[in-house]
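Subject: Structure handover

Hello,

Here is the structure for your files.

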Amino acid sequence: MKIGFIGLGNMACAIIGGMLEQGMVSAEEICGSAKTQKTRDAVREQFGIDVKASNAEVAEAAQTLILAVKPQFLGDVIGEIRDTVKPDTLIISIAAGKTLAWLREAFGRQMKIVRCMPNTPALVGEGCTGVCVNDAVSEEEREYSLRLMESFGKASLVEERLMDAVGAVSGSSPAYVFLFIEAMADAGVAAGMPRAQAYAFAAQAVYGSAKLVLETGRHPGELKDMVCSPGGTTIEGVRVLEEAGFRGAVMDALLATVEKSRRL
């Protein structure tokens, strides 16, 4: 089965790398298009896939077509390809905010459409992707789409009404986690740690904490309480964060992301 990519940015490369590493497809079964020659040359050299300048050529050749362009460009791209896409092509979109109904209208006819919301940790095989499908997608195609997304991390089916929340909780939140790591490292530097060491300690603390939540299944509040000894240093830090409205600020940031996604 030929898998086509329109757009060959970071997320497309994460998906391609995951599929190849997991042995789901060979490089010969993948083709893609990108706007610049520089990107096309880099992806061809990295993965050995067939790279084209024409979006329409990729759309015509693909049995599974992954639309990996930014939301603001998606309408124009679909306008380029809708007359060349075969009726039985499985369309997978990773554009934030573009609903199944919007995609159906953009193509101007019923198509088999899967909507996905991956995140940047996919670049290191630790992605988290929400997936929803329209009524034209068969159960076999739905499972196939999930396997594609699981090639670079975890993937779960969700109701479409929750996709904006998925985009906030997993799609955008790595940026907030990076801010948190940077802030912790800055504090370490202020306390005398070398910067490289401070980044390593802060990042490992976040990684290990997340792993503890996932592998133990214990509530984050319970795990927090395990670290907070009576009268100790950690509970003092928690007090400062609570006074600063830490949890409320995080919730406000994610809810602002949800609202922005709904307006795209």
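This is a predicted model: local features need pLDDT of at least 70, side-chain atom pairs count only at pLDDT 80 or more; totals for chains, interfaces and linings use all residues.

Residues are numbered from 1 along each chain as its sequence is written, and side-chain values use heavy atoms, without hydrogens and water.

Helix α4 spans residues 71–81, and its buried residues are P71, L74, V77, I78 and I81. These cover an arc of only 100° around the axis, which puts them on the same side of α4. (The arc is taken from the directions from the helix axis to the C-beta atoms.) Q72 and D76 are exposed, on the face turned away from the buried side. Buried means under 20% relative accessible area, exposed over 50%, partly exposed in between (1.4 Å probe, protein chains only). Helices (H or I, at least four residues) and strands (E, at least two) are DSSP runs, numbered from the N terminus.

There is one aromatic pair. The ring centres of F180 and F246 are 6.1 Å apart and the planes are at 45°, so the pair is tilted. (Rings of Phe, Tyr and Trp, its six-membered ring, pair with centres within 6.5 Å; planes under 30 degrees apart are stacked, over 60 edge-to-face, the rest tilted.)

The salt bridges number 16 (a side-chain nitrogen of Lys or Arg within 4 Å of a carboxyl oxygen of Asp or Glu). R218 bridges to E222 at 2.8 Å between the closest N and O atoms. K211 and E215 meet at 3.9 Å, N to O. E139, R142 and E143 form a salt-bridge network.

Best wishes
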